[in-house]
Structures are given as structure tokens and as C-alpha cells.
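Trainee: I would like a close look at a single part of this structure, taken slowly and with its surroundings. Could you walk me through it in one connected answer?

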Amino acid sequence: MKESKLERVIERYKAGDVRAFDTIYELTNRSVYFAVLYIVRDKMSAEDILQETYIRAMRSIQSYEAGTNFTAWLARIGKNLALNHYKRAKREIFADFDTDAYKYGTAEAEIPYLFDLAAKILDAEQYEILMLCQVAGYKRREVSEMLGIPIGTVTWKNNEALKKLRTYFEKEGRS
Amino acid sequence: MKDIRKLLKEQSSAILPDERVRENIRRELYPEGRAAAPEAAYAHGGTTNTRKNWRIAAFAAALAIVLLLTILLPLALRKNPVPPIDGGLFNQISDDTSFYAYGAASVGAILSFEQQESFSAAPQSALRTLSTLRQSRADAQAAQTEKISRYLSLVEGLLSDSFEHRETQNTADRKEYDFQMVVTVRDLLGNSLSYTMYYNKIPLSTQVEDGETEENYAIRGVLLVGDREYLVEGNGEHETEIEPDETEEETEMTFLVYHPEDPSDYIRMEQELSTETEEGETEIEQKYVYTTYVDGREVERTTVEYEQEEDGELELKLVVEADDVKDELLFQNERGTDTSLRVRGKLDGEDTAFRIYIRQNANGDTYYDFVFDQTHYEHDRFDDEEEDD
């Protein structure tokens, strides 16, 4: 993804061309989604929050300052919503939310073991980088632009995350 | 490391957000349905919301079948003594020019379906044909097997030397374009079908490696299919990442074909090619995604994913998503049984499994031989029942 391309599309949207929404969503949704999923650990909840994130963001897009990393701006909105959701759920459900969060979704929304394991053992940045590079299919350069960190850091954290995940996965005897 | 990567990729569909999220946002933000055409279609201008008469969605699945069989059959069956099929388009699509040529050929072949009388009886969706074939095998075997054979025959026309493309500096025909490309494929009856594309090149980058110069460029132009003219756009992106113990090369190419009367209807063909070398092992993955848009909205997505392991094992996965229905077929060749292709997966939510063989009868004619579970079908390969009689 070219950040400059995204900025151009945002300008179009701000100018009233709502057809630009599709492109904005296409270029940003996975980064926001995985940032949210890491917090709520439940696919259905993450999708609801993703939806709410875009609705809020697009309605207040005039407050986004051009050139300040739109994806990160969206992700911040998403993370705040996710944290609120997490706190609310923790109050409402008297259970070990950290361990059993995925159980509160429906069967179809249940997160596969490997992804659940990744969320448990990786820190937020490692998790997001791994998901964007290995699952969402972005290039490391694109991830570097999205997250606003050097490409070398993306490469290093991606490899570290893979190694860590493999070690735990093998230890669990599932490989 | 590769296993973990592979597992993550394989299970990605279970975790990635559903496409319905986007639709829900749209509905919430634009209740009057104003957010229609995405950027690509919009770039061409034109009017929207006129009614279309091309059944664009129906062609994408057929196209995918053409593609996957074009690619996989020659690779999987090439050791078969009859017929000798070599190469395969995967090997031939090696640079920008050949990708754009293949885009013109494969999309052109599908667009021909609605224009040519000879294809009018062909099924609109090859997957539905397969599904029908499986469900009503008792009373409709012959007709249905003929349908699928048409696809296989068409595929056969796209194999090996029958796919040719020739680029020339444009002459007098269309002065607004600098280049002309003629792509020739052979149809099921052995006749040649040619598609002509006129276009301008937009240079993207030039790479010099081992004394060879590779030019990467985008194109803008028109594709002629029958008496219709379709706007086309092609773009490419190439990237190489080199680390001490790992090299990754990635290529992403796109080819878009727009409806002549309404640019918010279009097919987007995308190729993702990834070559990864790690610890002396090389893994090549190729993915073709055909996405069909009507009124700027995605209505069908067909993904063809191809992987060849170091040990030579081939796998091709076809996924068609449309109308909240997801069909999946996995094509595999098995080591030691190079004369057949094993196919299994889900169609309309039900499991299916069959094999495809190419065989030769006593007259020397070749035919496709389908083995569906316990039921056995055979069908002439070239629709030449009359000659057989």
C-alpha cells in the first residue's frame, strides 16, 4: 500500500466523494481489525468493533489531519473501542476473560487454536506484525508504512514472532 | 518456520473479517446507497446504474475453471503417455507482457461465451455444472459430462503452444495507442481465436540482472472481443527482499476489463507470485484472484491458488465465493500416480470427490475420464461423436 495513495483517496472522501470509502476500507481494515482482535480475542466482537470504528471514523474524518498516518488514527479509535468492550465484558461476565474469551463467541466465530496461541504469547506489536505479514498478506514494506515503523523492525519482529510461535506450538505437540 | 507460515495462511479465512462488515458499514453510513463505484471504475468516468446485459458474474467461475485446468492439467498429467502435454501457463507467465497477454486471452475467452453461438449452450458456471453432475448423476450423466468436457476442451485449447502472443509497435489501426498485441488461443474445435489489444505503456521500473533487462510497466488500452471493445488497465508491482538466510521475491499484477457501456461493471484479475528461498529450499506460490464487480460492488470472488513443493507435489485450490455461498475444490496430483488428478472439496455445502484422467481409446482418440466416487463416466474429448459413429 502506498500511504500517499491512501492520503489522496482520503482527500477525495473529505471532498464529498463517498465512493472512495471502498478503497479506504480495502487499504486499512485488516490493520485495524488485528489491533482490535488482539484485545478482545473474539472474532465476532472484533468485527462489531471494526464496524463501529469505521462508522465513527468516517463521520468525523474531517478531524483527521492529513499526513499523520490515517491507519494509525483508525487503529487508535478501534483500540479504544476494544478496550471499552473488554472492560464492559469483564464486568458483565464473571469468568476468566483472558483465557476463555473465544468461548463467548458462537462456534463459527471461534478462533483457531494457532491464532489464539499467538494472541496469548506474543506482545501486541509482534502479533499485529505477524498477522499483517503472514495472514493478511501485506508486504513488509506496506506493514512498515501502516504502522509507521522501520522495515527492518518489521522483519525482525515478524521473524521473532514466527520463532516464538513455532516453539510454543511444537511444545504443545500440535505441529 | 515454513510450517507455521503455511498453517497461518491456511487458516486465515477463519480469522479474517467477514465481507459483510463492509456492507454493514456502507448501509449505516450511506443508507441511500450512494457509495457505489470504487476508484478503479470511477477513473474511467461514464454513467452508472444503467442496466447491464452482460452476465459478468457468471463468467468468473467459468474463467477460474479454465484457468485452473489450464494450469494444472498439463502439469499434473504431463507424464501421461497420451497426449504429451508440456509446459503449462504457469511457466509461461513470466513477465509483464506475458501476464497482460494471458489476461487478455483468459478474460477474452470468457467474454466470448456470451458473444458466440457455439458457446451458448455452455453452462454459465463450471462449478454449478460440477455440482449438478454430482447431484443428478443417475439420469443426466451424458449431458452433464459433456458440459464439463467443453470446459476441458476449451482448456486444452489454451495449453502449451496454443497460447501465443505477439506485440508490435502499433501501425495505422488505432493511432491513439502505441502498441498492438495479438493473442491467439485455440478453441474446442481446433479453430484459432484471436484477441487484439491496443494499448499505451506506462513505464514503472527497469531491472537489470545478469545482463538481462526486465521492464516493468502498466498499460491502458482496449481489448477487442468479437465486435465489442472493452477498456483494459494493467498494473504491476515487483519487490525483492534479501536477508542473510532468506530471500523473498513478490510480484503483484492486476488486469482489469471494464464493461463497454458501464465502467462500474468489471472483472479484476490479480496475480500474486511469491518465491521464497530459505535454508536452501525454494517454495513458489502463485495465486490468481478473479473478482467480479457489478455496479462497483463485489459480487463474486474466485481464487485459484497454486503451490509446488520441492518434492514436486502439486496442489491447486479453487475457492468461489458468491451470494454467501462458498465452494472449495482442492486439486492434487499424487506422487506415483501422475496420470490422474484428484479433486475433492465442498460444493453447495456438500462434500464431493472425483478424479480426472486423460485416456486414449483404440482409435487413438483421447478422452477425459471422470471417476466420481464409485460411479464411472467417460466422454469423448473433442466432441466428435459423429466421427466415432
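**A loop glycine and the core around it**

Mentor: In this predicted model, A:Gly137 counts as partly exposed, because 17 C-beta neighbours fall inside 10 Å, whereas a buried residue would need 20 or more. A:Gly137 sits in the loop between α7 (124-135) and α8 (140-147) of chain A. Although A:Gly137 and A:Arg30 are 107 residues apart along the chain, their C-alpha atoms are separated by 9.8 Å.

A:Arg30 returns when we turn to A:Leu132, which touches A:Arg30, A:Ser31, A:Phe34, A:Tyr138 and A:Val143, leaving aside residues up to four places away in sequence. A:Leu132 and A:Val143 are also, together with A:Val36, A:Ala118 and A:Leu130, the residues that touch the most other members of the largest nonpolar core, which holds 55 residues. The element that gives the most to this core is helix α2 (residues 21-40) of chain A, with 13 residues. Domain 1 (1-111) and domain 2 (112-175) of chain A both supply residues to the core, so the core lies between them. As a general background, nonpolar side chains in soluble globular proteins tend to be buried together.

A:Leu74 belongs to helix α4 (residues 70-92) of chain A and is buried, because 25 other C-beta atoms lie within 10 Å. Once residues up to four places away in sequence are set aside, A:Leu74 touches A:Thr28, A:Val32, A:Thr53 and A:Ala57. For the pair A:Leu74 and A:Ala57, a separation of 17 residues in sequence goes with 6.7 Å in space, C-alpha to C-alpha.

Two further loop residues deserve a careful look at their backbone. Most residues other than glycine have a negative phi. A:Arg41 is buried, because 25 other C-beta atoms lie within 10 Å of its own. A:Asn69, likewise not a glycine, has a positive phi of about 75 degrees and is found in the loop between α3 and α4 of chain A. With 18 C-beta neighbours inside 10 Å, however, A:Asn69 counts as partly exposed.

The packing of helices in chain A can be followed through one pair. Two packed helices are described by the angle between their axes and the distance between the axes. For helix α6 (residues 113-121) and helix α9 (residues 151-171) of chain A, the angle is about 115 degrees and the axes are 10 Å apart, and α6(A) passes α9(A) in a right-handed crossing. On the α6(A) side the meeting residues are A:Leu114, A:Leu117, A:Ala118 and A:Ile121, and on the α9(A) side they are A:Lys164, A:Leu165, A:Tyr168 and A:Phe169. By class, this contact divides into 7 nonpolar residues, no polar ones and 1 charged. A:Ala118, a member of this contact, was named above among the residues that touch the most other members of the largest core.

Stepping back to the whole chain, chain A comes to 9 helices and 0 strands, and 43% of its 175 residues count as buried. Among contacts in chain A between residues at least 6 apart in sequence, 66% join residues at least 24 apart.

Chain B, by comparison of makeup, has 9 helices and 15 strands, and buried residues make up 36% of its 389 residues. For chain B, 51% of the contacts between residues at least 6 apart in sequence join residues at least 24 apart.

The two chains also meet, in a contact that takes 32 residues from chain B and 32 residues from chain A. On the side of chain B that touches chain A, the elements giving two or more residues are α1 (2-10), α2 (19-29), α3 (39-42) and β5 (228-243) of chain B. The residues on that side divide into 17 nonpolar, 3 polar and 12 charged.

Notes. Residues numbered from 1 in each chain as written. Chains lettered and ligands numbered in written order. Predicted model: local features only at pLDDT ≥ 70, side-chain atom pairs only at ≥ 80, totals over all residues. Contact = placed C-beta atoms within 7 Å. Helix = DSSP H or I, 4+ residues; strand = E, 2+ residues; numbered from the N terminus. Nonpolar A, V, L, I, M, F, W, Y, C, P; charged D, E, K, R; others polar. Core = buried A, V, L, I, M, F, W, Y, C linked by C-beta atoms within 7 Å. Buried ≥ 20, exposed ≤ 12 C-beta atoms within 10 Å, placed from the backbone. Domains from an automatic or database assignment. Axes fitted to C-alpha atoms, helices over the stretch in contact; angles between N-to-C directions. Left-handed = near helix turned anticlockwise from the far one by under 90°.
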